[in-house]
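Here are a few exercises to work through with the structure in view. Try each task yourself before you read the solution.

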Amino acid sequence: MPKKIFKLGVLTSGGDAPGMNAAIRSVVRTCSHYNIECYGIYRGYEGMIEGDFKLMEARSVSNIINRGGTILKSARSQEFRTPVGRKKAFDKLQEAEIDALVVIGGDGSFTGAKIFNEEFGIPVIGIPGTIDNDIYGTDYTLGYDTALNTVVEVIDKIRDTASSHNRLFFVEVMGRDAGFIALNAGVGAGAEEILIPEEDLGLDRLLESLQRSKRSGKASSIVVVAEGDKNGKNVFELAKYVEQNMPEYEARVSVLGHMQRGGSPSCFDRVLASRMGVRAVELLLDGHSNLMVGMKNNKIETVSLEKAIKGSNHIDKELIRVSGIMGV
Ligand code: F6P
């Protein structure tokens, strides 16, 4: 028989993502629905080590569903990577009598949660929150949809200048190891070329493609480059390389950076967060642990934390093909 849960802790960890607040709200209100206490743990694992906890009730999460970032704040904790740090965190949870955790974050946060569970037996459930969408076991991570909309909106604006000045724009988007944002926002914003870590286009092919577009009458072009692309050049070097080989083009670079992580979550992210939060708490109450809540084919499903951490979310090859056809 799994131990009955009376007090649950919720934390956000790693890079913030729009929709994290909606997920916190969902966890807190689900706890309230089932009459169990819910503690917000501030600054991720850092706050767990320091015992930075606050009791949250249904009204503590009023008016946050529409807010970006995370009211619980986030951190990438170095100390929690050490056994000493984790023991301190466990002692603080014991003092507060918190007996289960919901961790909202990415694979680094889940790795911490899994190790912590193995060492101390505290049940944990993960909710995937990262704009990168690079987590196995879910079609969407929290924040990804919002980030896509932000990127598309910004590229639409950049396009105005690109076409007014007949320029070639290189737009770098986030995605340390994954090209989901680049590929989907690139197709959505009508980019001519999209460079992602999962597919090495090769610099020669990029030049060929831009030259073909130029010959076919295109006066301006937008190339979306994922931050983690592995072509061997950073986005500024890439722009210079293309300018040297195609002097007819005037190239500019825009690095979108952290603006992609901020802002009010899309309706999609708010609904997803609400659904995931409910399931996360119910899983803990039903005695489950070491699982991540995900959404597959519009159904809330679970996958082991182990698989979520080790597996990789594959890029859609069909979308790469579509992007090739669109970029003529
Ligand atoms: O993992 C999310 C992410 O936004 C990546 O796309 C990006 O590379 C990274 O976080 C940036 O992290 P930080 O805010 O710590 O610089």
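Angles under 35 degrees count as roughly parallel, over 145 as roughly antiparallel, 65 to 115 as roughly perpendicular, and the rest as oblique. Before you start, note that this is a predicted model, where local features need pLDDT of at least 70 and side-chain atom pairs count only at pLDDT 80 or more, while totals for chains, interfaces and linings use all residues. Residues are numbered from 1 along each chain as its sequence is written, and side-chain values use heavy atoms, with hydrogens and water left out.

**Exercise 1.** Work out how helix α6 and helix α11 pack.

Step 1. Find α6 at residues 180-188 and α11 at residues 317-326. Helices here are DSSP runs (H or I, at least four residues), numbered from the N terminus.

Step 2. Compare the axes: they are 10 Å apart, at an angle of about 40°. Such axes are lines fitted to C-alpha atoms over the stretch in contact, and angles run from 0 to 180 degrees between N-to-C directions. α6 and α11 are therefore oblique to each other.

Step 3. Look at who touches whom: α6 brings Leu183, Asn184 and Val187, and α11 brings Leu319, Ile320 and Ser323. Contact means heavy atoms within 4.5 Å.

Step 4. Sort these contact residues, and you get four nonpolar, two polar and no charged. Ala, Val, Leu, Ile, Met, Phe, Trp, Tyr, Cys and Pro count as nonpolar, Asp, Glu, Lys and Arg as charged, and the others, Gly among them, as polar.

**Exercise 2.** Do likewise for helix α1 and helix α9.

Step 1. α1 covers residues 20-33 and α9 covers residues 267-285; their axes sit 7 Å apart at about 40°. α1 and α9 are therefore oblique to each other.

Step 2. On the α1 side, the contact includes Ala22, Ala23 and Ser26, and on the α9 side it includes Arg270, Ala273 and Gly277.

Step 3. The tally for this contact is seven nonpolar, four polar and one charged.

**Exercise 3.** Now try helix α3 (residues 83-96) against α4.

Step 1. These two pack at about 70°, with axes 11 Å apart. That makes α3 roughly perpendicular to α4.

Step 2. Arg86, Lys87, Ala89, Phe90 and Leu93 of α3 meet Ile115, Phe116, Glu119 and Phe120 of α4.

**Exercise 4.** Describe the largest pocket and its lining.

Step 1. Start with the volume, about 700 Å³. On a 1 Å grid over the protein atoms alone, a cavity is a set of points where a 1.4 Å probe fits but cannot get out, and a pocket is an open set with protein on both sides within 12 Å along at least five of seven lines; lining residues have an atom within 4 Å of a point. Grid points are joined across faces, edges and corners, and a volume is the space filled by probe spheres set on the points.

Step 2. Of the 31 lining residues, Gly14, Arg76, Asp107, Gly108 and Arg176 are closest to the centre of the largest pocket.

Step 3. Helix α4 (residues 107-120) gives the largest share of this lining, six residues. By type, the lining has six nonpolar, 14 polar and eleven charged residues.
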